[in-house]
Amino acid sequence: MEALQKLVDWPVGNVAAAVIAPGRTPVPAFGDTGRVFALASVTKLLVAHAVLIAVEEGAIELDDAAGPPGATVAHLLAHASGLDFAERIAVAEPGTERIYSSAGYEVLAETVERATGFAFADYLREAVTQPLGMTATTLDGPAGHGASSNVDDLARLAAELLVPQLISPQTSAAAYAVNFPGLDGFTPGYGKFRPNDWGLGPEIKGDKQPHWTAPGHSPETFGHFGQAGTFLWVDPQRQAAAVVLTDRDFGPWAKPLWSQTNQAILDELDN
């Protein structure tokens, strides 16, 4: 894919990428797709999928109490629990603000651990990475940002998010739609959005601008980016997804390049 050649000019040490779209076999890719990178907050897509599988299995329910008083599993997944970003302290009432919380994902992991009797890293492996053939993916740190993986593995996750096999259509429809609509909040690195739409795990693009996706992405586009210089998006309208992993932390360099490269990918897919 010609659009991926733009990655040659990115000011990073290493970058790898793949685009997942119907009819494109083999998957268009760039760089060493077997190289393992830190995922940072892209980890949350993996963790959320494992939590949704635990819901499907009946180990937990989305409306189970979890986190601060009045909050549920769904609140935690959608960053609507009121928990602080890094500390397990409530800074707002559940369902009143979109407060991005890595601490909330640690609480989710512990909730699944208690319900299943498995250490969360083991549950993630059994529920998500092994069934999808993600052999290079590990969770060695916090559930909010502690995973490592490569593009080959995340292309498999992206394909699962496009056409889920491990969760039901009903669960995926609920997860990738806006949950607790109308909540305002900050997306790290991009500022405050009114509203800041989020699903059960992934951020929902909606009408956000500027954004780490592309101006041409459909409002239904969902995914996540990480402070390690990583991102994964899924555009359901186009039935396409992309993964880009780098070894340079997110910063001012990334904002124009991510959006421009993503738009180039879309333009090529649409032609």
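Reply: The answers below set each term against its definition, for a model that is predicted.

Me: What makes the set of 57 residues a nonpolar core?

Reply: A nonpolar core requires buried residues of kinds such as Leu, joined through side-chain atoms within 4.5 Å. The largest such set here has 57 residues, and those with the most contacts inside it are Leu 77, Leu 154, Leu 157 and Leu 232. Several elements give two or more residues to this core, including strand E1 (15-20) and helix H5 (151-162). Helix H1 gives the most, with ten residues.

Me: Which residues is Leu 157 in contact with, leaving aside its neighbours within four places in sequence?

Reply: They are Leu 45, Leu 46, Leu 132, Met 134 and Leu 232. Contact means heavy atoms within 4.5 Å, so each of these residues has a heavy atom within that distance of Leu 157.

Me: Why is E11 called mostly covered?

Reply: A residue is buried when its relative accessible area is under 20%. Seven of the seven residues of E11 are buried, so the strand is called mostly covered. Ala 240, Ala 242, Val 244 and Thr 246 point one way from E11, while Ala 241, Val 243 and Leu 245 point the other way.

Me: How do you know that E10 and E11 pair?

Reply: Pairing needs at least two bridges. Six bridges join E10 to E11, so the two strands pair, and they run antiparallel. Phe 231, for instance, has Val 244 in E11 as its bridge partner. The two strands form a hairpin with four residues between them.

Notes: Residues numbered from 1 in each chain as written. Predicted model: local features only at pLDDT ≥ 70, side-chain atom pairs only at ≥ 80, totals over all residues. Heavy atoms only, no water. Buried < 20%, exposed > 50% of the residue type's maximum accessible area, 1.4 Å probe, protein only.
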